[in-house]
Amino acid sequence: MSTTEIAARAGAVSVQDVRKFYQRDSMQIKVLDGLSLEVPEGEFLALMGPSGSGKTTLLNLIAGIDRATSGRVVVAGTYLGSLSEGELAKWRSRNVGFIFQFYNLIPVLNAVENVELPLLLTSLSGRERRERALTALRIVGLADRSKHYPRQLSGGQEQRVAIARAIVTDPKVLVADEPTGDLDSQSAEEILDLIQTFNRDFGKTIIMVTHDPRAAARAHTQRHLEKGVLTA
Amino acid sequence: MALPLSYNVRNLRQRWKVTLLAIFGIGLVVAVFVTLLSMESGFRIALRSTGSPLNGIVTQRGSMSELTSWMNIADADVFMVDPRVARDSNGKAMASCEVVILANRPRKSDNQPANITFRGVTPMAFKVRNNLKVVEGRSFTPGLYEVIVGERIADRVQGLDVGSVLNVQKKDWKVVGLFVAEGGSFESEIWGDYDAMAPAIRRNGGCESVTVRLQDPGTLAAFDKDLRANPRVQLQMDSEPKYYENLAGPTAAALLGLAAFVAVVMGIGAVFGAMNTMYAIVSQRTREIGTLRALGFSRFSILFSFVLESVLLALIGGALGCLAAFTMNGYTAGTGNTNSFSELAFAFKLTPALLIFGMVFAVVMGFVGGMLPAFRAASMPITRALREA
């Protein structure tokens, strides 16, 4: 299958010859150096590598929260470089689900309200939003915690709520940045089970950055980055 | 779609300590500002509600107030016979010839002397000014050294209660009653009989002013023009309410200026206070902002949300400030009138317009104070915001 064919299919990711530089004072810091990567639809990819290797930067480019200095990033059939700031925000809300290391739940909103947040950007009615959010919580096994605030939940439960928030809009791609990095081993296993389920049963394309070899072992494919270049 | 309002309300509630500080700052500014304006408004109203729009007041041409005016009875007769002056049921011209001096009495609050207008009136004065009402005691008896005192000045100045005796121009005047005049400046005066008072204060044979009831108030301008054109007399006519309102001019302007000055100085402080609070809120919620942006919320919805939060905070502060100012509503104060040199007692008057003005001022402070921090929140790169602890 060619690069273009892959990119044209929903859920697929194509990164072609991408460079990313950061300017710090007068210094230009090279983070990604001509990197290319193809991720087919329904793939579960683990990105590994030492700190500062560019894993999170690559993930951010794929998720559309950062822009490449040069090169092309095509996700779910959309060339992200062609989108304006506002278009990119809209695109993210429809195509990408985020799972963060520290869950990033809004502390003043309860579980169901947190899950409902991305749905505020859709045209769904209040009732439909609430129903979908509750369904997502049910899928992650937290229907009985819907009224709990983040401070009333364990780390594992918080991450489950975050996963429910990531899947509630039914995005094509899920990006996870160290999703088990802040969890004990049992909670980590549960979260990885859940992520694996979304890949296996719901066909989500998952790109996960991790330092943990046990987490990476759950993925179909493992790629290693070093100094902004894929080494394996 | 914007973030829900409950998100802002809960955020304010969760950070209640820092929120309270900002609310207190804005509330204080609004309270002081609205109180000052209500003082100015009360002062203006006291003078505006003095006098009837049906009346004209005749004084010596060129005089700024009754105190610097004088006319002989013969001069007064010139216009009293004019058909434009209304007649009572007995056919008498409804015109009140009055004499005025200032009496000096100590204030109750600080024992400092206050000038009080001491006015000698004819019985016609009560027909021309029919809003006067004796609320305690009785009216003075013509020919006797008796006076009635405006209720507001009796509250502020020593020795003006019913039954008291005050010595003015070497005569003892007995206070026989208290009167009200719909909050007008007459409530800051002492009234006695013209025939008793004029000789006692050496103002025989004339008046400082004559207040006339006009058949048609629309004729006032022409009447004034005729008086000014008459070579036999040196007189002028003003509408009675306008005359008293003009007396307020410099003092009211000074009060308004003070209110504006205080509002600007304190307002700048409050804006910085609100801004500081919002900056603190933004820095505490940097990762939250990054998350919201990553989820797809636009820069504008973040900007709007933070400005809204700041405005919400200011609205609470504004409401509390207005409530605090409300406690001063009706409070009686007094000031020297720069034109009449007399003490004018007035009540702070908090009008709905002033409350709205106070709230608008609060919203402006909240908006300005929230705009820069909100802009910072909205323009932050998502990746940087997500890295923040």
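This is a predicted model: local features need pLDDT of at least 70, side-chain atom pairs count only at pLDDT 80 or more; totals for chains, interfaces and linings use all residues.
1. Confidence along chain B first. Chain B as a whole averages a pLDDT of 85, and 95% of the residues score at least 70.

2. For the complex, the predictor reports an ipTM of 0.91 alongside a pTM of 0.68.

3. Now the contact between the chains: 18 residues of chain A meet 16 residues of chain B. On the chain B side, at least two residues each come from helix H1 (5-14), helix H9 (286-295) and helix H12 (382-387). H9(B) gives the largest share, five residues. Sorted by class, that side of chain B has six nonpolar, six polar and four charged residues.

4. Over in chain A, have a look at the open sheet: four strands in the order E2-E1-E4-E5, with antiparallel pairing. Strand E2 (27-39) and strand E5 (78-79) of chain A are at the edges and have a single partner strand each, so one side of each has no neighbour in the sheet.

5. The E5 end is worth a glance. Strand E4 (residues 70-75) of chain A pairs with E5(A) over two bridges, in the antiparallel sense. There, Val75(A) stands opposite Thr78(A) in E5(A).

6. What packs on this sheet? Helix H2 (residues 55-63) of chain A does, touching strand E1 (13-24), E2 and E4 of chain A. The direction of H2 makes about 120° with that of E1(A).

Note on methods: Residues are numbered from 1 along each chain as its sequence is written. Chains are lettered from A and ligands numbered from 1 in the order in which they are written. Two residues are in contact if their C-beta atoms, placed from the backbone, lie within 7 Å. Ala, Val, Leu, Ile, Met, Phe, Trp, Tyr, Cys and Pro count as nonpolar, Asp, Glu, Lys and Arg as charged, and the others, Gly among them, as polar. pLDDT is the predictor's confidence in each residue, from 0 to 100. Two strands pair if DSSP finds at least two bridges between them. Axes are lines fitted to C-alpha atoms, for helices over the stretch in contact, and angles run from 0 to 180 degrees between N-to-C directions.
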